[in-house]
Amino acid sequence: MNYRFLFLVLALLCMGAPVAWAQSKIPQSKSEITLSFAPLVKVAAPAVVNIYASTIVKNQSNPFYFNPAFQKFFQDFGTMQPKVQNSLGSGVILSEDGIVVSNFHVVGGATDIRVVSNDGREFFARTLIADRESDLAVLKLDGARNMPFLKFRDEETVEVGELVLAIGNPFGIGQTVSSGIVSGLARSGAALSDGRGYFIQTDAPINPGNSGGALIDVAGRLVGVNTAILTRSGGSNGIGFAIPASLVKQFVIQAKAGFAEFQRPWSGFIGQTLTGDIADSLDLQIRKGLVITAIHPRSSFLAAGFKAGDVITAIDGNSITTPTELFYRMSVSGLGTEVVISRLTRDGESDLVVRLVRAPDDPPQTRVAFDSQSYFPELIISSINPAVQADLGLAWDVEGFVVLDPGPVAGLIGLRAGDILQVANNEAFGSAAEFDKILKKNGRAGTLIVQRGTQRIKLRFRR
C-alpha cells in the first residue's frame, strides 16, 4: 500500500475541510466555534451601524437678565450662543425597512443623526422613541429598504457561560468585534447609579463607542444592546452590561405602533425585598419575594385582590425578589396584557391575574411655562395626579404643583426640579395664574414653602 499517497490525501482533506465549511455554515457547536467566528460575523456585522449625532446645547441665560435693575447691562449678551455637541456610538438594525435601536445617551435630544452602515452607505435618521430611564432609543432610517437586520433571541433562555460577541465602533476606530461569555443575568443598575436598570453582564470587551451596539449569541441573534461598563481607567475591565433583548423588543413594538414615548405599566404599590426579619414578622416560611408595604387606592393590583403585607414571588413564572425585577418584568410584558402574579400570605400561596395599565392621568395633567413677564420667568410647573406621581417618583399624598424646571431666576433663589410648591407669601393657591399673581402683589421680596422629599422648606428671597 502507498502510505505516502494516503498521508498526502488525508493532509489535503484536513487542510481544506475547515475552509470549505467556514464559507457555507454558521458554527452551531462548541467544537465548530473553535475553528472561527468569521462566518458568524459575516452574517451579523452588516446589521450593526455607526451613529453620529449632533445636539445643540443651549447655555442658561444670565439670571440677572430678567431683573429690571440689571437689564440694561445685558442687552447685548443676556443669552450666550448655543453650542453643538457631537456624540459617537453604535446601533442595531432590527427590520428591513430601517428600524434601528441605540442608546439614549448616544442620540437623546439630538437635532441631527447620521447613520453609516457596514457597507459605507449613509442615512439620516429620525427618532421614534427616546427614553432616558431605560437608556434606549428607536430610530427610523430615511429611505432605507432591504436592510440586513438581526432577529431577537428570547432573553429568558440566555444562560450564564454562553458565548457571545459584542459588535460596535469603539473609540470611533471602525466596526470591531470582541468575544466573551455571559457573566451574569438580572444585574441591578445600582452599581451604575441607576437602581431601575436590569442588565445582562458580559466580559466581552466593551469600550466607549460600543454603546448601542449588538451583543449576539452564536446563532447571530440579538441577546442585548450594549450600554455601559464598570471601569476606573475608562477602558474595558471585563465588566460590561447590555440591555436585554426582551425590553428592546417591547420598545420596537411600541415604536411601530406609533407611540412617541415608552409606555410603562404602573404597579401602584411600594415594595421591598423580603428579608428574614420581615418574613418572621409576617409568620412566613419562605424567604424570597417582594413584600407590598403600601398600595395606591387606584392600583390595578389592589383591584385584583392584593393588599399591604402580601408577598409577590413571581410574574408569569419568573421569580421576583426586588422592585427592579418587578419593574422590568412588567415593562417587557407590555401595557394591556394580563399577567399571572404569584402571591404568598399567611394563608398560603395563590395566583392572581392582573391587567397591566398606565397610571391614571386623572384629572388631566396641566403644565404651565411662565413667560418673560411673569415673576419667575421660564419656570415650568405641573399639576399632580397618579401619572405625574409615577413618572417623577413622588409620594402619593403630596398636593400642590411640582416644579419641572425652575428657570434662571427661581433657580437662583434655591428652587429645584422636583420641589412641590405649596404656599406663596403665606397664601395657598389653586392655579399657576394665582401663584404668579400672589408673588407680584408682594413686590420684590417674598417667601415660598415647598416640600422637598420628606422635608418642608421655607425659601426667603429678594429680587
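Visitor: At what angle do helix α5 and α8 pack, and how far apart are their axes?

Guide: The angle between α5 (residues 245–256) and α8 is about 45°, and the axes are 8 Å apart. Axes are lines fitted to C-alpha atoms, for helices over the stretch in contact, with angles from 0 to 180 degrees between N-to-C directions. Helices are DSSP runs of H or I, at least four residues, numbered from the N terminus. That angle makes α5 oblique to α8, as angles under 35 degrees count as roughly parallel, over 145 as roughly antiparallel, 65 to 115 as roughly perpendicular and the rest as oblique.

Visitor: What is this model, and how are residues numbered?

Guide: The model is predicted: local features need pLDDT of at least 70, side-chain atom pairs count only at pLDDT 80 or more, and totals for chains, interfaces and linings use all residues. Residues are numbered from 1 along each chain as its sequence is written, and side-chain values use heavy atoms, without hydrogens and water.

Visitor: Which residues of α5 meet α8?

Guide: S246, L247 and Q250 in α5 meet Y328, S331, V332 and S333 in α8, where contact means heavy atoms within 4.5 Å.

Visitor: Now R329. Where does R329 lie, and is R329 buried or exposed?

Guide: R329 lies in α8, residues 323–333. R329 is buried, at 10% relative accessible area; the cut-off for buried is under 20%, with exposed over 50% and partly exposed in between (1.4 Å probe, protein chains only).

Visitor: What is R329 in contact with, beyond its neighbours within four places in sequence?

Guide: R329 is in contact with E156, Y198, I315, N318 and I320.

How values were computed: Helices (H or I, at least four residues) and strands (E, at least two) are DSSP runs, numbered from the N terminus.
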